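Please brief me on the side-chain interactions in this model. Keep it brisk and group the points by topic.

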Amino acid sequence: MKPDNIVLDSEGHALLTDFGLSKQEVIADTFGAESFCGSYAYLAPEMIKKKGHGKAVDWYLIGVVLFELLTGLPPFYDDNKEVLFKNISNNNVQFPPEVELSKWCVDLLCKLLIKDPNKRLGSICGLRDIKAHPWFDEIDWKDVKDRKLKPPSAYLSEMALEIIAK
């Protein structure tokens, strides 16, 4: 998963695309796949170490994409591939000082970007772990599923129409 694989439908709801490299029937959090594929900045530590990986990679990548959407770059980013891989494998996540994030947002990102897939948020109870995080306290997950929430792009469209009307 990477930002390029997230598109908006005609109503502004986010959709995931490009499942060409996805694996079926990976039921474990830490094993079941051994592929080494994807964009370098969006590889989880366990993929770089080539020791096999499982569903916990997805939780890590949600953290990477969320980090990039909020800060402008993926965590651990470097133009040099070797440095990037070293950063992903060894460094703790650091937040740009110019980007102001809530304590719960920082907490969520840190827990999603844990190096050890066994300790990463989502690895114990899956999606329930993620949905129960305090950063999502105000989210009505049934409304999300039923597409009852107004996507942010809809607000932007309304603002654009108001500007044009003036």
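The points below cover aromatic rings, the surface and salt bridges.

This is a predicted model: local features need pLDDT of at least 70, side-chain atom pairs count only at pLDDT 80 or more, and totals for chains, interfaces and linings use all residues. Residues are numbered from 1 along each chain as its sequence is written, and side-chain values use heavy atoms, with hydrogens and water left out.

**Aromatic rings**

- The structure holds four aromatic pairs. Rings of Phe, Tyr and Trp (its six-membered ring) pair if their centres lie within 6.5 Å; planes under 30 degrees apart count as stacked, over 60 as edge-to-face and the rest as tilted.
- One of the four pairs joins Trp135 and Phe136: the ring centres are 5.2 Å apart and the planes stand at 70°, so the pair is edge-to-face.
- Phe136 also pairs with Trp141, with centres 5.3 Å apart and planes at 65°, so this pair is edge-to-face.
- Trp135 is partly exposed at 32%, and Trp141 is partly exposed at 29%. The classes are buried (under 20% relative accessible area), exposed (over 50%) and partly exposed (in between), with a 1.4 Å probe and protein chains only.
- The charged end of Lys115 sits over the ring of Phe76, 3.7 Å from the ring centre. The test is NZ of Lys or CZ of Arg within 6 Å of the ring centre and within 35 degrees of the ring normal.

**Surface patch**

- Trp135 lies in the loop between helix 5 (127–131) and helix 6 (141–145). Helices (H or I, at least four residues) and strands (E, at least two) are DSSP runs, numbered from the N terminus.
- Leu69, Leu70, Trp104 and Trp135 make up a nonpolar surface patch with about 390 Å² of accessible area together. Patch residues have over 30% relative accessible area and no salt bridge; like charges are joined within 9 Å, nonpolar side chains (Val, Leu, Ile, Met, Phe, Trp, Tyr) within 5 Å. Accessible areas come from the Shrake-Rupley method with a 1.4 Å probe; for residues, only the protein chains shown count as cover.

**Salt bridges**

- A search of the whole structure gives five salt bridges. Each is a side-chain nitrogen of Lys or Arg within 4 Å of a carboxyl oxygen of Asp or Glu.
- Arg147 and Glu11 form one, at 3.4 Å from N to O. The pair links distant parts of the chain, 136 residues apart: Arg147 is in the loop between helix 6 and helix 7 (152–165), and Glu11 in the loop between strand 1 (6–8) and strand 2 (14–16).
- Arg147 is partly exposed, at 39%. A network of salt bridges links Asp9, Glu11 and Arg147.
- Glu46 bridges to Arg120, with the closest N and O atoms 2.8 Å apart. Glu46 lies in helix 1 (residues 45–48) and Arg120 in the loop between helix 4 (103–112) and helix 5, so the pair ties together parts 74 residues apart in sequence.
- Glu46 is buried at 7%, and Arg120 is buried at 1%.
- Asp146 and Lys142 meet at 2.6 Å, N to O, in a salt bridge. Asp146 is partly exposed at 33%, whereas Lys142 is exposed at 55%.

**Helix 6**

- Asp143 lies in helix 6 and is partly exposed at 22%.
- Neighbours within four places in sequence aside, Asp143 is in contact with Lys148 and Leu149. Contact means heavy atoms within 4.5 Å.
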